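User: Could you take me through the pockets and the ligand site of this model?

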Amino acid sequence: MPERREAETRLRRLRKTEPIRRLVSETALTASNFIAPVFVRYGKGVTEPVEAMPGVNRYSVDRVSEYATRLEEAKIPAVLLFGIPESKDEVGSGAYASEGVVPRAIAEIKKTTPSMVVAADVCLCEYTSHGHCGVLKGGQVDNDATLPLLAKAAVEYARAGADIVAPSAMMDFQVAAIRSALEDARLSETLVMGYSAKFASSFYGPFREAAGSAPSFGDRKAYQMSPANSRQAMREIEKDVQEGADIVMVKPALSYLDIIAQARSRFHLPIAAYSVSGEYSAIKAAAMNGWIDERAMAMEVLTSIKRAGADVIITYFAEAAAGWLKEGL
Ligand code: PBG
């Protein structure tokens, strides 16, 4: 055998033509893994653009089905609902009111598009006057006093027909509290998707404008994770798994691909990655300035999230990306 020369390995052979490149592609995006976030608001007949997120709207309950129908036509299998109530109070009552915006929206969507998987975000921040994700005691968010309220909200959403409840408050034991409340209410079929590794991120800025949920004082660093920590992220995920989560989430996505990849190699349940508002708006803004190619950049980012190991991708590009996928990359 003649000795193999280094030069015989030419990786460019694998990139020669589009069909060859496609043939050896390791990662394929599909719309069937997308979840589209949806903002549902009080009022009637309202479709209101979110200024900081071009292309994203807030829909009143009576308008939300129109949007869900469009998503279904685009082959998006799932939505994640966020509620914007008419009024807020200290204890976030709107989050767990049985006639609140989210339970009503769930019922509407299930009526018009029954096969749409409906997930509902479970948190207090959109409903509290102070904008924190739990109730306050002595100027601090009180973990254990918040748990029953999150559990109550989750039960209301599940009762209204939600397939998935997704606690995002970053309270310790939130998954356990919700899981056991669902069992007690005989709603054992409802999935829990934990926002397990949720970081205190500047990428949430546009969302807070959309949902009017910016904290009125301080920040969320006493409950959301520090961007510096990955080992702690594994502990957060491990804990949600023990508490009975069906799906665990890493959020944001793009600055946390290492966390997604580590989680993928350690855990065997589905991993969701939430490509958050700031990731969306940054691409949109640059594209609107003509500085980058929106479609190419959005698809590159989504592909990288999938390659890192996410099974499920929550993205504001869901509808657009499904359209691009249909046209072919
Ligand atoms: C909290 C929640 C937030 C997001 C999802 N759930 C905001 C926050 O923690 O401040 C952010 C999502 C995004 O930025 O797209 N209920």
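User: Which residues lie nearest the centre of the second largest pocket?

Analyst: M170, D172, K221, A222 and Y223 lie nearest its centre, among 19 lining residues. A pocket is an open set of points on a 1 Å grid over the protein atoms alone where a 1.4 Å probe fits, with protein on both sides within 12 Å along at least five of seven lines; lining residues have an atom within 4 Å of a point. The model is predicted: local features need pLDDT of at least 70, side-chain atom pairs count only at pLDDT 80 or more, and totals for chains, interfaces and linings use all residues. Residues are numbered from 1 along each chain as its sequence is written, and side-chain values use heavy atoms, leaving out hydrogens and water.

User: Which element gives the most to that lining?

Analyst: The helix α7 does, with 4 residues.

User: And how much space lies in this second largest pocket?

Analyst: About 380 Å³, the volume being the space filled by probe spheres set on the grid points.

User: What are the distances to side-chain N or O atoms of S277, R220 and K251?

Analyst: A ligand oxygen is 2.7 Å from such an atom in S277, and an oxygen of the ligand is 2.9 Å from one in R220. For K251, a nitrogen of the ligand is 3.2 Å away.

How values were computed. Polar contact = N/O pair within 3.5 Å; in protein donor to acceptor, adjacent residues only side chain to side chain. Helix = DSSP H or I, 4+ residues; strand = E, 2+ residues; numbered from the N terminus.
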